[in-house]
Amino acid sequence: MNVWLNGHILPLEKAHISPLDRGFLFGDGIYEVVRFFDRTGMAMDAHMRRLERSLQLTHITGFNARDLPSLCEQLLQAENLRDACVYLQITRGVAATRAHMPPEHIQPTVFAMAHAYGALDTLTTAAPISLSIQPDLRWHRCDIKSTSLLGSILPMLDGRAHHADEAILIRDGFVSEGSSSNIFVVRGNKVATAPINTDPSILHGTMRTLAIDAAKQLGFDVSIRPIEESELAAADEIWVTSSGRVLASCVSLNGNMFGTGKPAKMACAVINCMRLAVENLLVKTP
Ligand code: PMP
């Protein structure tokens, strides 16, 4: 496997990062994950905007977010992948000593790798997903895509008792998001997801935006509003969106069968609509 490290593509075994890297010592870094179908990145502009924002908010300098597409392209070529996820991580870099305050001049460490993921025809149906409801333990700036992810990992570990793949996080009685996703709740024809602009405890999910657009296009009644925890048990469908999963449909909640126990109708309609949007994009980018 080849990876990207600081401007070079090299075999994983040759990619060495110092233990003094602040990403290792402090989790002082940010990341992005981009889904590719047939070498075309989904929502690439939104990923670049979010990356730029994460860099600005963390004062990490020395990487230009506009270089994301070419970096991904080089990595996919090196790995001969067309349908894939690219993971990019940028840490503040290596400092001579371990001190919370970083030195003034420091070069970031840029690392990226790609893995094969399903092709576009896997998006004809929403994947089933098991969820558990857990308290949101994370900090208040979840709009920054930080590599410090203990607050997301612990609720997932706690959900293992329910064989859950993902945790729905609850803050002050409201659904914030999933441990690595955004959450949608459906009742009848009404689709709701939490607001991002007024709440820094939620990540600006790229697939969230595409799912909202697709649901609107299908004529569903979409509202962006806070979702109470109690709405989860009463929901007809719960959707989970992320670049890796695109859109998954809840089949089990806290260890109990949810809905029919199969991916739900509106979820499947939305993912098909998202697939068509990507197909149109692929036609336009030969
Ligand atoms: N929220 C969190 C906490 C996440 O980790 C992710 C996945 N990176 C998302 C939402 C979804 O973001 P996207 O759709 O851009 O993958």
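Predicted model: local features only at pLDDT ≥ 70, side-chain atom pairs only at ≥ 80, totals over all residues.
Let me start with the second largest pocket, whose volume is about 320 Å³. By pocket I mean, on a 1 Å grid over the protein atoms alone, an open set of points where a 1.4 Å probe fits, with protein on both sides within 12 Å along at least five of seven lines, and lining residues are those with an atom within 4 Å of a point. The volume is the space filled by probe spheres set on the points, which are joined across faces, edges and corners.

Residues are numbered from 1 along each chain as its sequence is written, and side-chain values use heavy atoms, with hydrogens and water left out.

The second largest pocket is lined by 14 residues, and Ala46, Arg49, Gly205, Thr206 and Thr209 are the closest to its centre. Helix H2 contributes the most to this lining, with six residues; helices here are DSSP runs of H or I of at least four residues, and strands are runs of E of at least two, numbered from the N terminus. Because domain 1 (2–118) and domain 2 (127–282) both give residues to the lining of the second largest pocket, it lies between them, the domain bounds coming from an automatic or database assignment.

Turning to the largest pocket, we have about 1200 Å³ of space and a lining of 47 residues, with Tyr31, Lys145, Ser146, Leu149 and Ser180 nearest the centre. Among the elements that give two or more residues to that lining are strand E3 (29–37), helix H2 (44–58) and helix H5 (206–217), although the largest share, five residues, comes from H4. The largest pocket also lies between domain 1 and domain 2, since both give residues to its lining.

Finally, the ligand is surrounded by 17 residues, of which Arg50, Lys145, Glu177, Thr206 and Ser243 are the closest, where a residue counts if one of its heavy atoms lies within 4 Å. A side-chain N or O atom of Arg50 is 2.8 Å from an oxygen atom of the ligand, a polar side-chain atom of Glu177 lies 2.6 Å from a ligand nitrogen atom, and a polar backbone atom of Ser243 is 2.7 Å from a ligand oxygen atom.

Technical notes. Polar contact = N/O pair within 3.5 Å; in protein donor to acceptor, adjacent residues only side chain to side chain.
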